[in-house]
Amino acid sequence: MPDSQLTAAHNPALLHHFAEPEQQRDAASLGMWVFLGTEIMFFGGLFCTYLVYRRWYFGDWGAASKTLDVTLGATNTAVLICSSLTVVLAVWAAQTSRRKLLIGNLLATLVLGTAFLGIKGIEYKQKFDEHHVPGASFSFEKIPIPGHPDQYANPSHAEIFFALYFVMTGLHALHMIVGIGIFVGLTVMAWKGRFSPEYNTPVEMGGLYWHFVDIIWIYLFPLLYLIDRHP
Amino acid sequence: MSAHTSSPLKTYFGIWITLLVCTGLTVWAASLDLGRFNAAVALTIATFKAILVALFFMHLKGASEKLAKLVVIASLFFLLLLLVLSMTDFATRTWS
């Protein structure tokens, strides 16, 4: 019998086209990192748009940025950071065969991820109430430019800020929803006892995705909420 | 590698606390008037946080495969190309 079949008998998770579990895991990891590389470029285009318009409509964007709710934004940052901790604990639990800790941390991640989306929803609701959603009912009248109390921001320039705010946070929220889907799947697999110290690649890869989405928010928070906070 | 020999829990909780402190720090720094340095300070703190997440939570620090690191460096290089070339174009145009 060839070696590979012998190994396969030892580890049912090993796919036949890989020589050994470690190779399988490294292939998954490389694939995940390449995917995250494409995601960096995907969000990179939006960050580039942000930079260009930020320079162009500096004061108007400052005025628009100041209307965002920093408390909710900071709370969401903390929620995501806590979820990153639960994710890394879940990966550790899977690698050290602590099934209860694994399921607990996966569930905690789901709760935190949902809390993030809930807080985001409250913020979106506020934007609708304040007519800060780009479109026919958009209104941004008589909002002074930071540092120039005698000048009002140009509403159509502020509208572009809010358009980008909704696209960037919306795309990020979409990633969160996908992440929650992934973690529901991981929770089911963990419940069925699929993971062991020898095989926990899905938890690890799901974790990489979750941390990446966290990093995107780590940049979105200061860029959108904080930059013109100062008096 | 998936096999970590010593318990990394201390590191994880330490990084978690640091990330939370940095979040507080960046909110506080945003309330100060640093002129043009407000953006620089905010982005420096954000980058510090992102590096901590990538190195310790995404295990880039102990990653055995050099390919993963290469992919990250290549991605960041292309992101830099995108941002720097776009901004040099934007900043040196004669329109206004």
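Select E204(A) and R25(A): their side chains form a salt bridge, 2.7 Å from N to O. A salt bridge here is a side-chain nitrogen of Lys or Arg within 4 Å of a carboxyl oxygen of Asp or Glu. E204(A) lies in helix α7 (residues 201–226) of chain A and R25(A) in helix α2 (residues 21–56) of chain A, so the pair ties together parts 179 residues apart in sequence. Helices (H or I, at least four residues) and strands (E, at least two) are DSSP runs, numbered from the N terminus.

Before moving on, note that this is a predicted model, where local features need pLDDT of at least 70 and side-chain atom pairs count only at pLDDT 80 or more, while totals for chains, interfaces and linings use all residues. Residues are numbered from 1 along each chain as its sequence is written, chains are lettered from A and ligands numbered from 1 in the order in which they are written, and side-chain values use heavy atoms, with hydrogens and water left out.

**Stay on the first pair**

Are E204(A) and R25(A) buried or exposed? E204(A) is buried, at 9% relative accessibility. R25(A) is buried too, with a relative accessible area of 9%. Buried means under 20% relative accessible area, exposed over 50%, and partly exposed in between (1.4 Å probe, protein chains only).

**Next, select D228(A) and R54(A)**

Here is another salt bridge, 2.7 Å from N to O. D228(A) sits in the segment after α7 of chain A and R54(A) in helix α2 of chain A, so this pair ties together parts 174 residues apart in sequence. D228(A) counts as buried at 6% relative accessibility. R54(A) counts as buried at 8%.

Now show the neighbours of D228(A). Leaving out residues up to four places away in sequence, D228(A) touches R54(A), G62(A), S65(A), K66(A) and P146(A). Contact means heavy atoms within 4.5 Å.

**Then D129(A) and K125(A)**

The closest N and O atoms of this salt bridge are 2.8 Å apart. D129(A) and K125(A) are four residues apart in helix α5 (residues 99–129) of chain A, which puts about one helical turn between them. K125(A) is partly exposed, with a relative accessible area of 49%.

Salt bridges with shared partners join R25(A), D26(A) and E204(A) into one network. How many salt bridges are there over all chains? The count comes to seven.

**Move to D60(A)**

Select D60(A) in helix α3 (residues 58–66) of chain A.

A polar contact of 2.7 Å links the side chains of D60(A) and H157(A). A polar contact is a pair of N or O atoms within 3.5 Å; within protein, one must be able to donate a hydrogen and the other to accept it, and residues adjacent in sequence count only if both atoms are side-chain atoms. Beyond four places in sequence, D60(A) touches I145(A), A153(A), N154(A), H157(A) and A158(A).

**Go to the surface patch**

Select M41(A), F77(B), F78(B), L81(B) and L85(B). Together they make a nonpolar surface patch with about 480 Å² of accessible area. Patches are made of residues with over 30% relative accessible area and no salt bridge: like charges are joined within 9 Å, nonpolar side chains (Val, Leu, Ile, Met, Phe, Trp, Tyr) within 5 Å. Accessible areas come from the Shrake-Rupley method with a 1.4 Å probe; for residues, only the protein chains shown count as cover.

Which helix gives the most to the patch? Helix α3 (residues 66–92) of chain B does, with four residues. L85(B) lies in that helix and is exposed, at 55% relative accessibility.

M41(A) comes from helix α2 of chain A. M41(A) is partly exposed, at 30% relative accessibility. Across in chain B, M41(A) touches S75(B), F78(B), L79(B) and L82(B), not counting residues up to four places away in sequence.

**Finish on two loops**

Select K142(A), in the loop between α5 and β1 (144–145) of chain A. K142(A) is not a glycine, yet has a positive phi of about 55°. K142(A) is exposed, at 60% relative accessibility.

Last, pick H59(B), in the loop between α2 (37–57) and α3 of chain B. H59(B) also has a positive phi, near 60°, in a residue other than glycine. H59(B) is buried, with a relative accessible area of 16%.
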